[in-house]
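Biologist: I'd like to learn how to read a protein structure. Could you walk me through one?

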There are 2 protein chains.
Amino acid sequence: MKEAMQLSRLRQEFILHFGEMGARWGINRTVGQIYALPVLADAPVCADDIVAALGVSRSNVSMSLKELKGWRLVNRRHVPGDRRDHFETPQDLWHSTRILVEERKKREIDPTLTRLRELELRAEGDPDTGAAARITEMRAMIELMTDWYDEMNKLETEKLVALLRMGARLKKMIDAAGDVLPLSIRTKG
Amino acid sequence: MKEAMQLSRLRQEFILHFGEMGARWGINRTVGQIYALPVLADAPVCADDIVAALGVSRSNVSMSLKELKGWRLVNRRHVPGDRRDHFETPQDLWHSTRILVEERKKREIDPTLTRLRELELRAEGDPDTGAAARITEMRAMIELMTDWYDEMNKLETEKLVALLRMGARLKKMIDAAGDVLPLSIRTKG
DNA sequence: CCTTCATTTCAGACATGCCTGAAATTGACA
DNA sequence: TGTCAATTTCAGGCATGTCTGAAATGAAGG
């Protein structure tokens, strides 16, 4: 760490934590730390700011920013009178969260759903009916979840928050409905 | 790959895919493949079965199973008349899914929530009020989501599925309610 | 169109993670 | 408690990922 830019103790610890968590989130330490900077910053940050704050190489910053752009977690923002690129995170935390969830779904779930559908089609002729049944079951379950997610994702943030605030009340509703209405489900395959 | 155990084409492709996805899911190829085996298997599998099916070393299987146990995604199951340990995945796919979500939350979200709370407390005396405000905002958002998750997670699977099936109807409900009731939210900090 | 600064790319060094065979440990059964 | 098979641990080797400085590319202003 060379002459670190002046960061408040609070920011330092926040950034350090995002670095530690980076690995668990499937990015890496540096990318995590770099992301943490514009989250807290009051103004868009440029690459030099990041170098000064974290003491990593200029090229590392470039590549890490590229990755963050790939995740759509940072946006370029032109700062008048400065030729350098500046970056910021969406001001609305909910917006960032939506993007994050969307990207993870795209990377971690969609490919599997696609592949399961392919295998399901090809399973028509396959004598391995046991495997085929389980593949169908898994495909159906994932589809149920992603369809629901798609629907909820259409809600504007205000209403999404309202839904989340319903928490316990919503649970009671569902519980009560279940005692009256028939909830017909194939529980297992 | 040495003399591979006889696996149907379908199983092979399923296992291969889980291997490919392993890296994206934060485990690794071998662990992913090993997990795929008992998912499709009709009976609990033992370490030797895995070695035969995947052609990896016995010690690798041991370590990978240890990791899967850490994720609570496989359970040991005693098979009468066989001294070897056997492993299976929960028969109910929803059960596995719940465990998976729970473990990821525990590893990827809870530590951050804990840390944000700590920082929030320590922020009392800190002059960096901008950072403090954003930390509070983030903590509150994550809490809202995890509280909601906790509530929904209490639902038994039947009712959880019913909720998911509601999808579009639920969205309409929320939409309609929003036009009538005041949904007071601080949208941004 | 040329200069200058910013950004990106890339090869090689370094670090981390993964896999293996050999050795140590565990545990069931006599 | 001794035996033996099964499992786990671990050091070392291989593979992959990360980071850097140097060189190439890009872009804005004269």
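Modeller: Happy to, and keep in mind that this is a predicted model.

Biologist: Let's start with the sheet: in what order do the three strands of the open sheet in chain B come?

Modeller: The general idea is that strands of a sheet pair through backbone hydrogen bonds, either parallel or antiparallel. Here the order is E1-E3-E2 in chain B, and the pairing is antiparallel. Strands E1 (45-46) and E2 (75-77) of chain B stand at the edges with a single partner strand each, so one side of each has no neighbour in the sheet.

Biologist: How many bridges join E2(B) to E3 of chain B?

Modeller: Three bridges join E2(B) to E3 (residues 86-88). In one pairing, Arg76(B) has Phe87(B) in E3(B) as its bridge partner.

Biologist: Which residue caps the N-terminal end of H5(B)?

Modeller: Asp92(B) does, with a side-chain oxygen 2.9 Å from the backbone nitrogen of Trp94(B).

Biologist: And Val61(B), is that buried or exposed?

Modeller: Val61(B) is in helix H4 (residues 58-70) of chain B. Buried means under 20% relative accessible area, and Val61(B) has 0%, so it counts as buried. Among the residues Val61(B) touches are Ile34(B), Ala47(B) and Ile50(B).

Definitions and conventions: Residues numbered from 1 in each chain as written. Chains lettered and ligands numbered in written order. Predicted model: local features only at pLDDT ≥ 70, side-chain atom pairs only at ≥ 80, totals over all residues. Heavy atoms only, no water. Pairing = 2+ DSSP bridges. Helix = DSSP H or I, 4+ residues; strand = E, 2+ residues; numbered from the N terminus. Polar contact = N/O pair within 3.5 Å; in protein donor to acceptor, adjacent residues only side chain to side chain. Buried < 20%, exposed > 50% of the residue type's maximum accessible area, 1.4 Å probe, protein only. Contact = heavy atoms within 4.5 Å. Lists of a residue's contacts leave out its neighbours within four places in sequence.
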